[in-house]
Amino acid sequence: MRITGISTHVVGTPWRNLTYVRVRTDEGLTGVGETRMLGRTDALIGYLREAEANHIAGSDPFAVEDLVRRMKYGDYGRAGEIVMSGIAVVETACWDIKGKALGVPVWQLLGGRVTDRVKAYANGWYTTERTPEAYHAAASAVLARGYRALKIDPFGTGHFELGHEETRYAVSLIEAVRDAIGPDTELMLEMHGRFSPSTAVRIAHEMAPFRPAWLEEPVPPENLKALAKVAGRVDVPIATGERIHDRVEFRELFESQAADIIQPDVGHIGGILETRKLAATAETHYTLIAPHNVGGPVLTAASLQVAGCTPNFKILEHFNDFADADIKQVVRGAPQVDPATGCFELSDAPGLGVELDVDAAAEFPQQRARFDLWADGWEKRLPK
């Protein structure tokens, strides 16, 4: 079996463009991968056009390791976010093809099932007025859908510092959310790399009574010594990693012991096997994995393949019940959270267990998607 070509399909919303790639073979099987780029969708498509000619066409889709190696190192220049995302969508599609050809789910090819259910946490649910009353109602609606975990960034446009008044207001939002969801629901506190170490520590102590499940990206991701400074002064678990695009770059993070949970994005870090390798290294450092997942149903399905065979997998992020829920129409077999358990059931379907509906995808054309976390009202994810 050989790859004969690829096609790209962009599903657009006002705040995120999702790039789907279909990989075709000479035996009629196709596979699909997905990623979400922030302001770099056209650059990704341009890279994939060159990579198709240089590396992808004519390759054996079963030889995943060889294809990834050639795409990552064969152009000599150091692979960054665009290249690693391009590798990810093609690599994921190859696993999809391989599973379909063999009649088994991808998780079966990666070591076999270690769980039947994967806990989900909701994100994108607080696209409402930024008031305690509105957040209380929105959080209650998340629970009504069956979720047992949710994440929120309550800090407005906070950057490096957060004044006393703004801090108290953020605390009031979290107090309202905790009241709505009760004591047993996991509440993840997202900081989006906003703060200096001292500010992050101060806010963590202010939020401690509401028992955050983790503190996510408390400082900008470039300085791991700053992250370690925060980790050494708070009792809340630290989560980070969505903006690291090569598993080699996690080495220093593991050595620092600054993170309790790592959050690679399957669509940015080179795909399914690269994420599984990273998870195995994390396990040797007693670190959990909870992938960043701001994509649509295909990226969710790919992340679930990793979850199914990974002993140190904690939980999976999910946007698609709240922000742009209509995009679930572009995929047949889209993963769903079971409202009775708050979990995804692990699929036994071959490959990823999903199929891209190209005609449905065409109903969501690419947009000038813009998402500025430093702008007033960013949490509403409205058109610019």
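A: G99 is part of helix α3, which spans residues 81-102 (a helix being a DSSP run of H or I with at least four residues, a strand a run of E with at least two, numbered from the N terminus). The model is predicted, so local features need pLDDT of at least 70 and side-chain atom pairs pLDDT 80 or more, while totals for chains, interfaces and linings use all residues. Residues are numbered from 1 along each chain as its sequence is written, and side-chain values use heavy atoms, without hydrogens or water.

G99 is buried because its relative accessibility is 0% (buried is under 20%, with a 1.4 Å probe and protein chains only). Leaving aside residues up to four places away in sequence, G99 is in contact with V104, L109, P350 and G351 (heavy atoms within 4.5 Å). Between G99 and L109, ten residues apart along the chain, the C-alpha separation is 7.6 Å.

The largest pocket has 41 lining residues, and R36, L38, R243, F371 and L373 lie nearest its centre. A pocket is an open set of points on a 1 Å grid where a 1.4 Å probe fits, with protein on both sides within 12 Å along at least five of seven lines; lining residues have an atom within 4 Å of a point. Strand β3 (30-37) and helix α1 (41-56) each contribute at least two lining residues, and α1 gives the largest share, three residues.

In the second largest pocket, R243 again belongs to the lining, together with P221, E222, L224, I244, H245, V248, E249, R251 and E252.

Methods:
Buried < 20%, exposed > 50% of the residue type's maximum accessible area, 1.4 Å probe, protein only.
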